[in-house]
Amino acid sequence: MLKNFWYACEFSSEVTHQPKQIVMLNQRFVVYRNSQGQVIALKDQCPHRGAALSLGWVEGDCIRCPYHGWKFQADGRCIDIPANAPEVPIPKKAIATSYPVRESQGFIWLFYGDLPEAERHPLPTFPAYLSTKMHAAYNDEIECANYARLMEVNLDFAHVVAIHRKSFGQRVPMNKQIKYRVQEDAWSGVAQFSYDSLGDSKTVLNLLLGGRPEFTTTLTYYLPNITLAEIHVGGKGKNAIKIGILVAYLPIDEKTSRSKRVFYRNFLTLPWLDGWARKLDYAMGHEDTVVVETLAEQPMPRISEELHVAADALALSFRKQQQKYLAKGWGLESSRHPLTSATEDATQPVTSLVN
Ligand code: FES
Ligand SMILES: [Fe+2]
């Protein structure tokens, strides 16, 4: 798990004037909207006895603790202790930790770390067509697997024929050689792969896709916790069927994650079909999860501790980038890698890591 990044941690629509608890990075956070609708993020732990502020209530721009009613403003400073006379000064240490927070592209983003504002990475920018031309349905799941392991399966072109063999993977030829190039920037990576011949199958999605030979998948990761799969079937024309699967994985701890999934589609866009779209998205995600939960090691091992082939290049790019930041000292305590091995992994070219 990494610090010094913006974490997409909740859908914007889920954050209201009611305090909401978010569990990630082995910690509790509370988010709520103030009277202007701005989002406030605090550690979900009162500095008095440690009660969860998320069980309290919002008063104007402040939140009251559910235990003794201490009142905290947006910067976490306590401004009222009901049991004290008004002239008694508030203890200097009566401050709940506050976090920088932003709202963008349908998500609430919380910055976790100690970097000054000027040195922080910007928020990622997702392809505009997803929000302007596609219809979205949302899912929210708890998964018994490490968040980076779950991200990795979404960066894997080769898993489709096996994990998804009973659903859309039926359309993909088993022995198709997978070769592609990864493009990286400092904290994201993307690769594209096209299938030219697809087999027959009978699921609803596949019937919809029938007779459309070109099938291009673009997979992207954005550190620390987002993957995007863009699946375009039927070329670049107006009639192409497009699906986008954007997932923000909240690392609850090293073995448990929460996935906030957005399933975009440009077909069957009537809102009453969102339930069907959610089920479809859940089914595809679940096929991944049941296998990822069985991995012998949940926290990501060192790159050299596992085998890799050329088709793993995007996942390796993701791992190397993680290692790069771990080697900078941006790992949280529960991260499995000792910093020396992180440096080792981060400095090797991807080609030298393929067995
Ligand atoms: S525990 Fe929060 S006010 Fe006492
Ligand atoms: Fe998958």
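User: Which residue is the bridge partner of Glu 59 in S6?

Analyst: In S6, Glu 59 has Cys 62 as its bridge partner. This is a predicted model, in which local features need pLDDT of at least 70 and side-chain atom pairs count only at pLDDT 80 or more, while totals for chains, interfaces and linings use all residues. Residues are numbered from 1 along each chain as its sequence is written, and chains are lettered from A and ligands numbered from 1 in the order in which they are written. Helices (H or I, at least four residues) and strands (E, at least two) are DSSP runs, numbered from the N terminus. Two strands pair if DSSP finds at least two bridges between them. Here S5 is joined to strand S6 (residues 62-64) by three bridges, and the two run antiparallel.

User: In what order do the strands of the sheet with S5 and S6 lie?

Analyst: The order is S5-S6-S7-S8, an open sheet of four strands with antiparallel pairing. Strand S5 (57-59) and strand S8 (78-80) are the edge strands, each pairing on one side only.

User: How many strands form the open sheet that includes S12?

Analyst: Seven strands form that open sheet, in the order S12-S18-S17-S16-S15-S14-S13, and the pairing is antiparallel. Strand S12 (135-143) and strand S13 (182-184) are at the edges with a single partner strand each, so one side of each lacks a neighbour in the sheet. From one strand to the next, the twist averages 15 degrees. Within this sheet, eight bridges pair strand S15 (residues 215-222) with strand S16 (residues 226-233) in the antiparallel sense, and Phe 215 stands opposite Val 233 in S16.

User: Which helix packs on the sheet and touches S13, S14 and S15?

Analyst: Contact is judged from C-beta atoms placed from the backbone, which must lie within 7 Å. Axes are lines fitted to C-alpha atoms, for helices over the stretch in contact, and angles run from 0 to 180 degrees between N-to-C directions. Helix H6 (residues 313-330) touches S13, strand S14 (188-195) and S15, and its direction makes about 175 degrees with that of S14. H5 lies across S12, strand S17 (241-253) and strand S18 (256-265), and runs at about 40 degrees to S12.

User: Is Leu 223 buried or exposed?

Analyst: A residue is buried if 20 or more other C-beta atoms lie within 10 Å of its own, exposed if 12 or fewer, and partly exposed in between, with C-beta atoms placed from the backbone. Leu 223, in the loop between S15 and S16, has 22 other C-beta atoms within 10 Å and is therefore buried. Leaving aside neighbours within four places in sequence, its contacts include Leu 2, Phe 5 and Trp 187. Leu 223 and Phe 5 are 218 residues apart in sequence, yet 7.6 Å apart in space, C-alpha to C-alpha.

User: How many residues of strand S3 are buried?

Analyst: Five of the seven residues of strand S3 (residues 27-33) are buried, so the strand is largely enclosed by the rest of the structure. S3 runs antiparallel to strand S2 (residues 20-24), to which five bridges join it. Their hairpin has two residues between the strands, and Leu 25 takes a positive phi near 55 degrees.

Terms used. Two residues are in contact if their C-beta atoms, placed from the backbone, lie within 7 Å.
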